[in-house]
Amino acid sequence: MTALAQPSHSPLAAPAPAPSPASAGERGGKVVAYVTDAATEATLRQAAAQLLVGEFEVRRGDVRTAARDLARQRSPALLIVDISGIELPIGAMEALSQVCEPSVTVVAIGDRNDVALYRNLRGLGVAEYLFKPLPADQVEALLGRAAGTAARGEEAGRQGKLIAVTGARGGVGTTTVAVNLAAYLADIDRRRIALVDLDLHTGTVALHLNLKPGRGLREAVEAPERVDALFLERAMQQASDRLDVLATEEPILPPVAQNPRAVLDLLDCLKGRYHYVVADVPHGLSETARAVLDHAALRIIVADGNLAGARDALRLRGAFEASGTARQTLTVHNRRGAPGALSPADFGRALGSPADCAIECRPKPLIEAATLGEPAIRRCAPFKSDISRLAGAVSGQSATGAAGLLARLFRSGRAAR
């Protein structure tokens, strides 16, 4: 949620001039307001008309109505929510944060002239808080600044978190972990997720989700100047109501040349639209793979339970540490208990420390899920439980879904930048 200059009707704020209608009319970006009374609705509509805001919609309801609607819809560029009469407004904003896309600018309006509430909302990332009645000139000033900031992307609000999943070796189940982690964060944690398969030739993310690979990823890599919101809307494929996928299947030869900068720009663009961007990174440590792993806020190394897997996971962690990029790294002991594999204790000794997460060997349900093209968490409860622990480590939540989620969410967004 983007921070803006203080409006004149906020507590302790100084007057701010309203922008001209002409300049405001050049600032696009959809604006949606949820209000509980006719007077506030009339003031907002008048200001929007004065500023020539093209896409402006007022809906009757409060912050809880907004949270319910945005659980099923894409977020607007600017969201105005009414917290009048809400007994626990901070809790209501926390529920809203769980369904809003990261880049949305949120303004709260209410009926309490309360400096403490204002500061708490601002501290949690809400752009502004205005109390009723709303003077028309001050609403025009706020609406103009907010719409302009959202349209230009200046100081774009918190961004999502980039998670890079890679294998210590080939064939250790990296894609299975990436797909099911993304599906869990989307279906269970109800976050908006982008899953990107960076293996343009032999990646299997689309196969795991029964999707037909598209050409959007190749176009984004070869012509990064074309990547914008409209491009992403067309290129992303929907795997579920909150999980979108970007994957391709290019011919084996000739190899597609990947510009690391173009790939990073694409991932950064996605971070502005999704809570988490999960990248399935090929294990070969190409120039692009190294760039993505260095850029990610969190790196996940997947290793199976044999000695070579533990050795290469240890070497890969050492390479990350030597690169000088301070990023959190998790090691996943996949297929634990497989016939002939190391015991968990021996695996930990070979790795130099216990794995951060372990996923038991369950070949039959995973093969069935991959054959049917659906996440294994929907078919195998024990596997889902293993993935839930990894998702908890990724999101920073305790096993009980602890309080403080909104504060952690905003802190992680700032850290990811």
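Before you start: residues count from 1 along each chain as its sequence is written. Because the model is predicted, local features need pLDDT of at least 70 and side-chain atom pairs count only at pLDDT 80 or more, while totals for chains, interfaces and linings use all residues; side-chain values use heavy atoms, with hydrogens and water left out.

**Stop 1: helix 11.** Select residues 260–271. Helices here are DSSP runs of H or I with at least four residues, strands are runs of E with at least two, and both are numbered from the N terminus. Now colour the buried residues (under 20% relative accessible area, 1.4 Å probe, protein chains only): among them are P260, L264 and L267. At the start of the helix, show N259, whose side-chain oxygen comes within 2.9 Å of the backbone nitrogen of R261.

**Stop 2: two cis bonds.** Go to P254, in the loop between strand 9 (243–246) and helix 11. The peptide bond from L253 to P254 is cis, with omega near -5 degrees. Next, pick P133, between strand 5 (128–131) and helix 6 (136–152); the bond leading from K132 to P133 is cis too.

**Stop 3: positive phi.** Select R190, in the loop between helix 7 (174–187) and strand 7 (193–197). R190 isn't a glycine, yet its phi is positive, about 60 degrees. Is R190 buried or partly exposed? At 28% relative accessible area, R190 is partly exposed, meaning between 20% and 50%.

Methods
The expected span of a helix is 1.5 Å times one less than its number of residues. A polar contact is a pair of N or O atoms within 3.5 Å; within protein, one must be able to donate a hydrogen and the other to accept it, and residues adjacent in sequence count only if both atoms are side-chain atoms.
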